[in-house]
Amino acid sequence: MFSRKPPEEIRSWMKRNIPVVWITSKAAKNGIITLKPRFIVESPETLCGDLFQEGYKVVLLESIESLLVEFDEREIAKALMTMKDIAIQNDCYILLQGEKEAFTPRMWAMLTSEMEKLD
């Protein structure tokens, strides 16, 4: 799971002990694994390729709207579609969580048409 929330917060409500990567520009402390937001958008092939080769089958990107701070919607969409394609090729899944209100209606329509909605 990749999240803008600190791993301790995620683990407090998760029912399973899963790997959590904190999406932040801050340096890692106390063994917390971090990832700069830039890497998600600029290197989706490397990110997903490495994860799927390591045997992970599901990747959850939480709070995707946080990427809007550094990137425009077109760049984000391109990265997310690349991740989706890599997941399909590897018989894996990409799950996205984001706030609808943060995106333009056009971007939200594209995301929901490309990604299957889960309730």
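The model is predicted. Strand E4, helix H4 and strand E5 form a right-handed β-α-β unit. There is one cavity of 30 Å³ or more, and the largest pocket holds about 710 Å³ of space.

**The β-α-β unit**

- Strand E4 covers residues 58-61, helix H4 covers residues 73-89, and strand E5 covers residues 93-96.
- E4 and E5 run parallel and are joined by four bridges.
- In this pairing, Val58 of E4 stands opposite Tyr93 of E5.
- One face of E4 is covered and carries Val59 and Leu61, while Val58 and Leu60 are on the uncovered face.
- In a regular strand, side chains alternate between the two faces of the sheet.

**The cavity**

- The largest cavity has a volume of about 50 Å³.
- Its lining consists of Phe2, Ile23, Ile40, Leu61, Glu62, Ser63, Ile64, Ser66 and Leu67.
- Six residues of this lining are nonpolar, two are polar and one is charged.
- Leu61, from the covered face of E4, is one of the lining residues of the cavity.

**Glu62 and its contacts**

- Glu62 is located in the loop between E4 and H4, and it is among the residues that line the largest cavity.
- Glu62 counts as buried because its relative accessible area is 8%, and the cut-off for buried is under 20%.
- The side chain of Glu62 makes a polar contact of 2.4 Å with the side chain of Ser3.
- A polar atom of the Glu62 side chain also lies 3.5 Å from the backbone nitrogen of Arg4.

**The largest pocket**

- The largest pocket has about 710 Å³ of space, and 21 residues line it.
- The lining residues closest to the centre of this pocket are Ile94, Leu96, Met115, Glu116 and Lys117.
- H4, E5 and helix H5 (105-114) each contribute at least two residues to the lining of the largest pocket.
- Its lining comprises 13 nonpolar, three polar and five charged residues.

**The second largest pocket**

- The second largest pocket has a volume of about 430 Å³.
- It is lined by 19 residues, and those nearest its centre are Met1, Phe2, Pro19, Tyr56 and Val58.
- Strand E3 (34-35), helix H3 (44-53) and E4 each give two or more residues to the lining of the second largest pocket.
- E4 gives the most to this lining, with three residues.
- The lining of the second largest pocket has 16 nonpolar residues, one polar residue and two charged residues.
- Phe2 lies among the residues nearest the centre of the second largest pocket, and Phe2 also lines the largest cavity.
- Val58 is on the uncovered face of E4 and is likewise one of the residues nearest the centre of the second largest pocket.

**Residues with positive phi**

- Most residues other than glycine have a negative phi.
- Ser63 is not a glycine, yet its phi is positive, near 60 degrees.
- Ser63 lies in the loop between E4 and H4 and is among the residues that line the largest cavity.
- Ser63 is buried because its relative accessibility is 9%, and buried means under 20%.
- Asp91, also not a glycine, has a positive phi of about 55 degrees.
- Asp91 is in the loop between H4 and E5.
- Asp91 counts as exposed because its relative accessible area is 58%, and the cut-off for exposed is over 50%.

**Asp50**

- Asp50 belongs to helix H3.
- Its relative accessibility is 40%, so Asp50 counts as partly exposed.
- Asp50 and Val69 are 19 residues apart in sequence, and their C-alpha atoms are 25 Å apart in space.

Technical notes:
Residues numbered from 1 in each chain as written. Predicted model: local features only at pLDDT ≥ 70, side-chain atom pairs only at ≥ 80, totals over all residues. Heavy atoms only, no water. Buried < 20%, exposed > 50% of the residue type's maximum accessible area, 1.4 Å probe, protein only. Pairing = 2+ DSSP bridges. Right-handed = clockwise from strand over helix to strand, strands pointing away. 1 Å grid on protein atoms, 1.4 Å probe; cavity = no way out; pocket = protein on both sides within 12 Å on 5 of 7 lines; lining within 4 Å. Points joined across faces, edges and corners; volume = space filled by probe spheres on them. Nonpolar A, V, L, I, M, F, W, Y, C, P; charged D, E, K, R; others polar. Polar contact = N/O pair within 3.5 Å; in protein donor to acceptor, adjacent residues only side chain to side chain.
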